[in-house]
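Here is a short report for a first look. Please have the sequence and the model open as you read.

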Amino acid sequence: MDSVNVLIRSHYLPLFSRLGAYDTSLFEDFAYDPRRRELFEYWGHEASLVPLTLQPLFRWRMAQAERLEAGWRHVREIARTRSHFIDGILKQIRERGALSAGDLLDGGKSAGSWWGWSDGKRALEWLFWAGRITTAYRRGFERVYDLVERVIPKEILALPTPSEEEAQRELLRIAARANGVATERDLRDYFRLSVSEAKKGIAELLESGELMAVEVEGWKQPAYLSPSTAVSRKIDARALLSPFDSLIWERSRTERVFDFSYRLEIYTPAHKRVHGYYVLPFLYGDRIVARLDLKSSRAEKTLNVHGVHYEDGVKSSRIVEALATELRSMAAWMGHDEVRVLTRSAAARPVRDYLRK
């Protein structure tokens, strides 16, 4: 999940990439409606929406936060030095119901934009890390927190808590299935396990036969494969990918698998950007063949294309129909009336011409 909304909130995009147009209100229901909730917010590889059924697998991480061994330093610090303040924040939520940082009494003032959090916000985030509170819903993009027992279904909380080792092994199994073939770094980054945790878990899965050690041509690192992994003879894919999509999140893996070097340039000064502000890679078949700088104009109900860049060796004639079709589909899904190609570059001309048909 990410606060940048230049196109659409990033957590909506992976499902669109895989399924096409879908009703985002259903997503909201599954994430936040108490009657239909199937997801909860926690730290996966970053701030993530995770299936409720996996909640027990993260209790060890919550326990680490309780021991001040997990979480950002400035979040741990307030828990270490101001336990009474933390208790007061928790009491407010218990007595007043779901609250955002701005709803707190005496939560303090923010120290600026971005990460200049108030003491109240830092206290809430430590309680979130420690699993005492969770996101009840979002107000815009602002988290509104409530007690875990008032948000997470009782049948989930009643599930047994696996040992730290068992939970980490299961997270590695999930990572292996999601990645297909993966290095140790790929596997541990999927749920942000430590080096030592991943090494131990991978060794145990190798010993039990749940992982196989393999070699991948061109890779310097040893790789691992789940024995149940299916290998497709042909991949038929067409998708614009969120910069935060799990498929390309681990950038070194993206470069190894797709020979595609990708950096999000939001924080790069405009005059130093190579590809644009908010750039989505375009997956076609089993290759990433292009990247597009996109922005939503909600007032004009248009999807604006500010940049089009093809990867080396890719001919625009081969992919222009698929690319234009995907842009039209995205625009319609977002409730826009048209796609506008605003860049005058030669690379963008075939897309503009096709969209005018």
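## Terms and basis

Buried means under 20% relative accessible area, exposed means over 50%, and partly exposed lies in between (1.4 Å probe, protein chains only). The model is predicted: local features need pLDDT of at least 70, side-chain atom pairs count only at pLDDT 80 or more, and totals for chains, interfaces and linings use all residues. Residues are numbered from 1 along each chain as its sequence is written, and side-chain values use heavy atoms, with hydrogens and water left out.

Helices (H or I, at least four residues) and strands (E, at least two) are DSSP runs, numbered from the N terminus.

A salt bridge is a side-chain nitrogen of Lys or Arg within 4 Å of a carboxyl oxygen of Asp or Glu. The whole structure holds 30 of these salt bridges. Side chains of opposite charge can pair when their charged atoms come close.

Which residue forms a salt bridge with Arg 80? The partner is Glu 77, with the closest N and O atoms 2.6 Å apart. Both residues lie in helix H4 (residues 73–81), 3 residues apart, about one turn of the helix. An α-helix has 3.6 residues a turn, so residues three or four places apart point the same way. Arg 80 is exposed, at 54% relative accessible area. Glu 77 is partly exposed, at 30%.

## Bridges between separate parts

Asp 119 forms a salt bridge with Arg 82, and their closest N and O atoms are 2.6 Å apart. Asp 119 belongs to helix H6 (residues 119–129), while Arg 82 sits in the loop between H4 and helix H5 (83–96), so the pair ties together parts 37 residues apart in sequence. Asp 119 is partly exposed at 26% relative accessibility. Arg 82 is partly exposed at 34%.

Another salt bridge joins the side chains of Lys 199 and Glu 184 (3.1 Å, N to O). Lys 199 lies in helix H11 (residues 195–207) and Glu 184 in helix H10 (residues 184–190), so this pair ties together parts 15 residues apart in sequence. Lys 199 is partly exposed, at 46% relative accessibility, whereas Glu 184 is buried, at 19%. There is also a network of salt bridges, which links Glu 41, Lys 121, Glu 125, Arg 138 and Arg 143.

Arg 122 is found in helix H6. Is Arg 122 buried or exposed? Arg 122 is buried, because its relative accessible area is 18%. A polar atom of its side chain lies 2.8 Å from the backbone oxygen of His 74. This is a polar contact: a pair of N or O atoms within 3.5 Å; within protein, one must be able to donate a hydrogen and the other to accept it, and residues adjacent in sequence count only if both atoms are side-chain atoms. Contact in general means heavy atoms within 4.5 Å. Not counting residues up to four places away in sequence, Arg 122 touches His 74, Val 75, Ile 78 and Trp 117.

Arg 96 is in helix H5. Arg 96 is partly exposed, with a relative accessible area of 42%. Its side chain has a polar atom 3.1 Å from the backbone oxygen of Asp 103. Beyond four places in sequence, Arg 96 touches Asp 103, Leu 104 and Leu 105.

## Helix H12 and its neighbours

Helix H12 covers residues 251–258, and its buried residues are Arg 251, Arg 253, Thr 254, Arg 256 and Phe 258. These pack against helix H9 (164–179), strand S5 (181–183), H10, strand S9 (279–284) and strand S10 (287–297). After H12 comes Asp 259, whose phi is positive, near 55°.

## A buried asparagine

Asn 304 is placed in strand S11 (residues 302–310). Asn 304 is buried, at 8% relative accessible area. Its side chain makes a polar contact with the side chain of Thr 302 (3.0 Å). Leaving out residues up to four places away in sequence, Asn 304 touches Asp 293, Leu 294, Lys 295, Ser 297, Arg 340 and Leu 342.
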